[in-house]
Amino acid sequence: MEKTHDCTSCTGCNGGCPGCGGCDHSLTMTQPEIDFLRRLAQTPFLPVGRELGEETPVFENNAAMTPVLLVLEKKNLISIDYRQPLKGCAEEWYLSCPVQGSLALTERGQKVLDLIDYQGIL
């Protein structure tokens, strides 16, 4: 797990959310979370889906990505919007989802990614 420090985006949650270090304003990130943020830096919008009546995101039919997406969204590093389907996406897994949406970096996500790159975290 890597820690990055980004005091400018602190929401004042006092450690109540995953990854928040509270008083020192640190953010704990796993390598899959960092890798996904980097992927979003290369492709600004990615498809995401879900089942009707469910809130669990589906990404590339990869169940291992679900907790990563949920944590990144909770940390306010990505936004998932089911009201904005990704136009022109022909991925079979995406088209089979009853609810189609898109996901993107938030402003805070971009700042954290910039900080990760600045610090040289692999």
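(A salt bridge here is a side-chain nitrogen of Lys or Arg within 4 Å of a carboxyl oxygen of Asp or Glu.) Arg39 sits in helix H1 and Glu60 in the loop between S3 and H2, so the pair ties together parts that are 21 residues apart in sequence. Helices (H or I, at least four residues) and strands (E, at least two) are DSSP runs, numbered from the N terminus.

Before you go on, please note that this is a predicted model, in which local features need pLDDT of at least 70 and side-chain atom pairs count only at pLDDT 80 or more, while totals for chains, interfaces and linings use all residues. Residues are numbered from 1 along each chain as its sequence is written, and side-chain values use heavy atoms, with hydrogens and water left out.

Now colour the pair by accessibility. Arg39 is partly exposed, at 34% relative accessible area, and Glu60 is also partly exposed, at 34%. (Buried means under 20% relative accessible area, exposed over 50%, and partly exposed in between, with a 1.4 Å probe and protein chains only.)

Next, select Glu33 and Lys75, whose side chains meet in a salt bridge of 2.8 Å, N to O. This pair links distant parts of the chain: Glu33 is in helix H1, and Lys75 is in the loop between helix H2 (65–74) and S4, 42 residues apart. Glu33 is buried, with a relative accessible area of 6%, and Lys75 is buried too, at 3%.

For another stop, pick Asp81 and Arg83, which form a salt bridge with the closest N and O atoms 3.3 Å apart. Arg83 counts as exposed, at 71% relative accessibility. The structure holds 5 salt bridges.

Now show the strands. An open sheet of 3 strands runs in the order S3-S5-S4, with antiparallel pairing; two strands pair if DSSP finds at least two bridges between them. Strand S3 (45–50) and strand S4 (78–81) stand at the edges with a single partner strand each, so one side of each is left without a neighbour in the sheet. Zoom in on S4 and strand S5 (residues 99–105), which pair in the antiparallel sense over 4 bridges. Select Ser79 here, and you will find it opposite Ala104 in S5.

Finally, bring back helix H1 (residues 31–42), which packs on the sheet and touches S3, S4 and S5; contact means heavy atoms within 4.5 Å. The direction of H1 makes about 95 degrees with that of S5. Axes are lines fitted to C-alpha atoms, for helices over the stretch in contact, and angles run from 0 to 180 degrees between N-to-C directions.
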